[in-house]
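Here is a short report on one protein chain.

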Amino acid sequence: MKTPTAVVTAGPTLEAIDPVRFLSNRSSGKQGYAIAAALRDKGFDVTLVSGPVALDDLAGVTMVRVESALDMLAAVQGALPADVFVAVAAVSDWRPAETAPRKLKLDKAGLTSLALVENPDILKTVSNLAPPRRPHLVVGFAAETHDVAELAREKRLRKGCDWIMANDVSGDAMGGADNAALLITDDGEETFERAAKSEIAARLAARISEAVARTD
Ligand code: CTP
């Protein structure tokens, strides 16, 4: 049997306003790195496309470090085809319409608003690829504070992914060591009780590994 391949995104993206300022979010990258490591441990050949995080490179994983959503999309496209794509990154939905080449002088420019443009949706783009470019299994993540299952079911259909891991982020999931999740697949739902992110990752990797083995 050939070695299965996986591409995972993790961390935030950083959208430059000028050489010193940016838009970003508080994603730590911990859950995405844990999933990449768990897939590696299940025998996958893993490429981890990571936004800027304070985490070390994972041994035995092909690391691609990026900053912006556009760079993350290009890196993901460069890493495909793969059997599995897992989108864990907290991609910035917006980026500045222009990145100033020199530091903006806000006092002189009198800047009171910032023009933004929408970033591409990496998960949706990969979900909508035509075979054989589309991975056999595309897994998205959803961070919800309320109506977790209902919003995640709707998000799965809207994004076109096969599975979605819904996180309840009403607690301290972002940046914390623990997570609780609901895995929504094409044939049912499974609750992942609150556990260390490494434990959640191991359970998801086991499910992914079983699903990929079935497609062989
Ligand atoms: N995602 C992506 N590219 C984007 C935005 C999101 O790949 N430009 C992926 C994320 O990696 C994650 C899923 O899509 O797998 C999250 O979808 P999103 O619509 O951003 O949901 P939330 O972060 O939960 O936010 P909201 O509910 O506000 O849409």
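Two strands pair if DSSP finds at least two bridges between them. Helices (H or I, at least four residues) and strands (E, at least two) are DSSP runs, numbered from the N terminus. The model is predicted: local features need pLDDT of at least 70, side-chain atom pairs count only at pLDDT 80 or more, and totals for chains, interfaces and linings use all residues. Residues are numbered from 1 along each chain as its sequence is written, and side-chain values use heavy atoms, with hydrogens and water left out.

**Strand β1 and its partners**

Start with strand β1, residues 5-10. β1 pairs with strand β4 (residues 45-50) in the parallel sense, over six bridges. T5 faces D45 of β4 there. β1 also runs parallel to strand β6 (residues 84-87), and four bridges join the two. In that pairing V8 stands opposite V86. β1 is mostly covered, with five of its six residues buried. Buried means under 20% relative accessible area, exposed over 50%, and partly exposed in between (1.4 Å probe, protein chains only).

**The whole chain**

The protein chain holds six helices and 12 strands. Its radius of gyration is 18 Å, close to the 17 Å that the globule rule gives for 216 residues, so the chain is as compact as a globular protein of that length. The radius is taken over C-alpha atoms, and the rule is 2.2 Å times the number of residues to the power 0.38. Along the principal axes, the C-alpha trace spans about 60 × 35 × 35 Å.

Of the 216 residues, 47% count as buried. The chain exposes about 10900 Å², and carbon and sulfur atoms supply 51% of that area. Areas come from the Shrake-Rupley method with a 1.4 Å probe; for residues, only the protein chains shown count as cover.

Contact means heavy atoms within 4.5 Å. Among contacts between residues at least 6 apart in sequence, 61% join residues at least 24 apart.

There are 25 positive and 30 negative side chains, and the centres of the two sets lie 5 Å apart. Lys and Arg count as positive and Asp and Glu as negative; His and the chain ends are not counted. Each charge is placed at NZ of Lys, CZ of Arg, CG of Asp or CD of Glu.

**Single residues**

Is A34 buried or exposed? A34 is buried, at 16% relative accessible area. This residue lies in helix α1 (residues 30-41). Leaving out residues up to four places away in sequence, A34 touches K197, S198 and A201. A34 and L58 are 24 residues apart in sequence and 9.4 Å apart in space, C-alpha to C-alpha.

P131 sits in the loop between α4 (122-127) and β9 (137-144). P131 counts as exposed, at 69% relative accessibility. G188 is 57 residues away from P131 along the chain, and their C-alpha atoms are separated by 24 Å.

Most residues other than glycine have a negative phi, and most peptide bonds are trans.

| Cis peptide bond | Omega |
|---|---|
| L80 and P81 | about 5° |
| P131 and P132 | about 5° |

P81 is in the loop between α2 (69-79) and β6. P132 is found in the loop between α4 and β9.

D147 has a positive phi, near 45°, and is not a glycine. Its place is the loop between β9 and α5 (148-159). At 47% relative accessibility, D147 counts as partly exposed.
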